[in-house]
Amino acid sequence: MAFWIVWLVMGVAFILLFTATVIPKIMLKTRAATLTVRVKAVDRYSDEYGDTVVYSPSSSVRRYIKRYRVGHDADGLYFCGELASVAAYAEYELTVYGEDNDIIQILRVKEKFNGSDKTSITRLPANTDYVTLRLVCIDDDPVPEERRAFNRGYVLWLCVLCVSLALSVDLMLWLGLTFALRLLDGFTMSMSLPVGVWAAVLGTTAAVTVCVTAIISLGGFFLRKRGDSDEAR
């Protein structure tokens with residue numbers, strides 16, 4: 001009995017570790033395939049803490065935030081933007097990239113300015129290479145998102161995401177059912193399910209997981225695209 005309990009705990013721990021570490025990275029890859037990366041460095045200078053790079057965002061963002069800088073201070077790496085017009089509230093998204101152009105993190109920032117002409121300082125991961133800025137909302141006005149069209153990269157990473165989630169769910173289900181069978185037969189391994197039953201159960205579960213993941217992702221992609229088009233009108 002002790003063996004099966006340890007087997008179950010180790011199996012569940014492995015699946016949870018995989019889900020917590022690998023799945024988020026795949027989701028970021030899928031998200032990255034929809035983003036338009038428009039970043040232009042317009043100035044660079046150094047001080048006692050290190051290099052600071054000043055960027056000019058896309059034209060739609062420059063109406064509200066004319067430029068932003070990524071630099072170092074005594075507390076580490078940071079982001080700070082300069083407002084082009086007076087605003088009381090803004091919500092924006094910072095996509096943080098590493099040296100290999102992979103997304104490290106996506107930060108959603110909401111803040112009130114109270115007369116300030118700069119955004120607050122947002123701390124960035126130590127391995128940040130550059131940051132892109134997307135405005136979500138300025139005051140009460142939503143800002144349409146600039147996104148890439150439906151593309152092969154998005155389809156590829158969505159497929160990887162679907163397969164990874166289906167594998168995680170199937171492994172968890174297999175562990176649970178196998179342990180339940182061992183409980184029922186008193187850990188004598190006298191009970192088992194036919195191969196056809198296992199194939200039907202795991203195959204159905206995998207298919208449902210893939211379908212749900214694809215529907216949610218594709219639905220979100222095309223609904224957001226339609227919403228952006230409506231706002232643009």
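Which strand holds Ser-46?

**Figure 1. Ser-46 in strand β1.** Ser-46 sits in strand β1, residues 40-47. Strands here are DSSP runs (E, at least two residues) and helices are DSSP runs (H or I, at least four residues), numbered from the N terminus. Ser-46 is exposed because its relative accessibility is 53%. The cut-offs are under 20% relative accessible area for buried, over 50% for exposed and partly exposed in between, with a 1.4 Å probe and protein chains only. The C-alpha atom of Ser-46 lies 8.9 Å from that of Gly-71, and the two residues are 25 apart along the chain.

**Figure 2. The whole chain.** This is a predicted model, in which local features need pLDDT of at least 70, side-chain atom pairs count only at pLDDT 80 or more, and totals for chains, interfaces and linings use all residues. Residues are numbered from 1 along each chain as its sequence is written, and side-chain values use heavy atoms, with hydrogens and water left out. The chain has four helices and nine strands. Their order from the N terminus is α-β-β-α-β-β-β-β-β-β-β-α-α. Along the principal axes, the C-alpha atoms fill a box of roughly 75 × 45 × 30 Å. The radius of gyration is 24 Å, whereas a compact globule of 233 residues would have one near 17 Å. That radius is taken over C-alpha atoms, and the globule rule is 2.2 Å times the number of residues to the power 0.38. Buried residues make up 38% of the 233 residues.

**Figure 3. The largest nonpolar core.** This core has 28 residues. A nonpolar core is a set of buried Ala, Val, Leu, Ile, Met, Phe, Trp, Tyr and Cys residues joined through side-chain atoms within 4.5 Å. Val-70, Phe-79, Tyr-92, Leu-94, Leu-124, Leu-133 and Leu-135 touch the most other members. Strands β2 (50-56), β3 (65-73), β4 (76-83), β5 (89-97), β6 (103-112) and β8 (130-138) each supply at least two residues of this core. Another core, of nine residues, lies apart from it and includes Ala-33, Leu-158, Leu-161 and Ala-214. In soluble globular proteins, nonpolar side chains tend to be buried together.

**Figure 4. Leu-124 and Thr-122.** Beyond four places in sequence, Leu-124 touches Val-70, Leu-77, Tyr-78, Phe-79, Val-96, Leu-107 and Val-131. Contact means heavy atoms within 4.5 Å. Thr-122 lies in strand β7, residues 122-123. Thr-122 counts as buried because its relative accessibility is 12%. With neighbours within four places in sequence set aside, Thr-122 is in contact with Leu-77, Tyr-78, Phe-79, Tyr-92, Leu-94, Leu-107 and Val-109.

**Figure 5. Thr-178 and its tryptophan contacts.** Thr-178 belongs to helix α3. Its relative accessible area is 8%, so Thr-178 is buried. Not counting residues up to four places away in sequence, Thr-178 touches Trp-4, Trp-7 and Trp-198.

**Figure 6. The loop between α3 and α4.** Phe-187 is in the loop between α3 (152-184) and α4 (195-232). Its phi is near 65°, a positive value in a residue other than glycine. Met-189 also has its place in the loop between α3 and α4. Phi of Met-189 is near 60°, again positive in a residue other than glycine. Met-189 counts as exposed because its relative accessibility is 57%.
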